[in-house]
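Subject: Structure for you to look at

Hello,

I am passing on a structure that you have not seen before. Please look it over; my notes follow below it.

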Amino acid sequence: MKKVPLFPANGKIRSLFHPARKIVTGVSELLLLVLFGGVAGCYHRYSGMIDERLSGKRLRAESRIFTAPRRIWVGESVSREELIAYLKSSGYSMAADGESAGRIVATDTSIQIRPAADSYFNGMNALSVDFSGGGISQLRSLDSGERLMSAEIEPELITGLFGRNREKRRPMSYGEFPPILLQAVLCAEDRRFFEHPGFDPVRVIGAAWADIRRGEKAQGASTITMQVARSFFFSTKRQWRRKARETMMALVLEHRFSKEKIFELYANEVYLGNRGSYAIHGFGEAAQAYFGRDLRELNLAQYAFLAGIIHAPNRYSSAERRPERGAEARDRVLVKMKDAGVITAEDARSARSLPLGLVRGTYGASPSGHFVDMVKDDLLDRFSEDSLGAQRYRIYTTLDSDLQRAAMEAVEWGLANVDAQLEKTYARWREKGETVPLPQVALVALDPHTGEVKALVGGRDYASSQLNHCLTRRQPGSVFKPFVYAAALESALTDDERVWTPISQVVDEPTVFYFDGKEYKPDNYGGEYLGPVTLRDALVHSLNVATVKLAAEVGYGRVARFAKRMGLPADIQPTPAIALGAYELSPLEVARGYTPLANYGSACEPLYLKSVRNAAGDSIHENPYRRRAVLDPRVAYLVTHMMEDVIHRGTGAGVRRRGLRVPAAGKTGTSHDGWFAGYTTNLLTVVWVGYDDNRELRLSGAHSAGPIWGEFMKRAVSLPGFSDARSFERPEGVVEVILDAQNLMLAQPECPEVRREVFIAGTEPTEPCTLHGTSTMDRLLRPFSWMGDLF
């Protein structure tokens, strides 16, 4: 082959390069076509990924659980700032951003509440709220102009429903993130976020050079937009190939979305460590997880901490146990904020001097954790876990947020009281080297007229134990006794030979009962016996022997059938032990069984899941009230009237010493555990205290569960929604008569001591008192009154 010199002697270099130039030009054009075609293809593919994953909406890739709507009242002691804070925590914002649950329009003395389409009220129920003197002075409907005494506002967000990976988020819109948090995050992660096109060449080159020097891929070069790309679309493995894909996706994201939307996606998705068994995503959830507060209520030091843990979240997850790590994260960001001119040196020093206020061991110990578990279990009977995690359902419950807080506070106070009483027992166990178990607790409060569960505490500490003791069966002891007495009093409406009334008597004395060839010998609590007693006094003083005698007279089978009619489980057996609550019930079952007593004979099924709506606001599931008449209202009233006396002068009198002044009916119970069940006209509450291993508590219900019940009810009636606890209304067909206290006959003016008693009409005494009732001469002549018929 003939060789052609590279530089010919004749110097015609251009003529020799002309064919090569054509080749290079052609190849270049082909490469450019391939490049631009590849870019266009990548844009189309990545844009499709964005549409599929984000759908152009704020990140809410999970269903959310809400309380019942909150009701506000004219005269309620709540400030303008407190109500605004509540509305913000419920998803409202001050700006009309189109994505919040509603808008708040505020002046110095009033606010307007304007629900959006994505709210509980579906855009309706706009309100004007005026404030003066530290409370609400006026409520007005903006829809009708009508003045209102009370009104419902948006339910409070309880939690997002986590899936199998146990990730928790609390999504917020861009406008809801505090500006100082935004500055802290930008200083920590991406100072030029609002300037660069999605990737920062200076940072990329710097990171690459650092990696080359270290010989490993360790230096971060990702902008916030690139981190969004990684979080939603790519793996987290450090590779420059992945970095190139992130960069391309970042460019597409910047083209598709505003900077504000990109930051919102980032701030709701960024991983911020683990708390308990949950992975925390987003600053909204992190504020609750680390500080137990709403994000908008934090201070500069806390915002700096949240921005500082992005870099290594798992290192700082235990910052409450390693405070030096929390300070390290905070201080690093404060320095960057000072250097950027966002804060002054004095601001930084002041922030460093503040305690971080990290909460210890309470995350996962949600004030409504056991309630949420009940709701989730109910939902999983109707929906798949995948749909709950992907369809963005809005789940509305019956929980009253104020009442739930009152329940948690009462339980905390009450358990401290129980622990103090058991301290000597704990000391003996410690001396023996034994483990010291702490008693558990359950409290359930419901509306007796609807069955709506308004508050529920399922245990001492949800983070330590997710066992819901409201659903755990234990022997209820004497809280079962009202069913025995109700079954007896029902005899007034049947063809029974003997009619029982509140003044019917049984003899309270040591007694052996025989059933099915076996002996049964109950004892009274404390070993005291009162002899002949009325049914009222037997219930008031919770006399065991008298109650078993009554059950034997009425019939154990009738008592068992009556209990089942009240909604109690079908496995309760007709034996003497039934009278003393030997057959196990859960606190929620006791509450269900008490609803006919509190609701004039109508039984209500407990209800905690109210409705489910899809992302468009359409209702896809509604739980109706389930009520049925199971008991004559007259019998229900008689039992309630007797149970009022339990609180006035019987085993439940301690709740009056706790300061509860409203009309209330209740019953103590003592088995291995302590119980108290009772109600006002608008709230029914059951409390249980006991050990998980069923060892004996060695405290009566009056000294364990009773104080918790009393403290909770006292707090409940101080709330506007439950303050209207009235006297129990006597139904038609019930009469009240005044009796001589000694012989229980109709009182006369001369009777020195009298008592009032209620009866189903037709069963009341008709004979006047013969001991004090008339003059002495009349009593002497009464044996000869027959002679008047002769004249």
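Of the contacts in the chain with a separation of 6 or more, 66% are between residues 24 or more positions apart, where contact means heavy atoms within 4.5 Å. This is a predicted model, in which local features need pLDDT of at least 70 and side-chain atom pairs count only at pLDDT 80 or more, while totals for chains, interfaces and linings use all residues. Residues are numbered from 1 along each chain as its sequence is written, and side-chain values use heavy atoms, with hydrogens and water left out.

Buried residues (under 20% relative accessible area, 1.4 Å probe, protein chains only) account for 52% of the 791 residues. The chain has 25 helices and 29 strands, taken as DSSP runs numbered from the N terminus (helices H or I, at least four residues; strands E, at least two).

One part to look at is an open sheet of five strands, ordered β16-β15-β27-β26-β25 with antiparallel pairing; two strands pair if DSSP finds at least two bridges between them. Its edge strands, each pairing on one side only, are β16 (453–457) and β25 (665–670). Within the sheet, β15 (residues 440–446) and β27 (residues 684–690) are joined by seven bridges, and Leu-443 has Val-687 in β27 as its bridge partner.

Helix α21 (residues 587–598) packs on the sheet, touching β15, β25, β26 (674–679) and β27, and its direction makes about 150° with that of β27. Helix α22 (residues 633–649) lies across β25 and β26, at about 65° to β25. Axes are lines fitted to C-alpha atoms, for helices over the stretch in contact, and angles run from 0 to 180 degrees between N-to-C directions.

Regards

Definitions and conventions
Buried means under 20% relative accessible area, exposed over 50%, partly exposed in between (1.4 Å probe, protein chains only).
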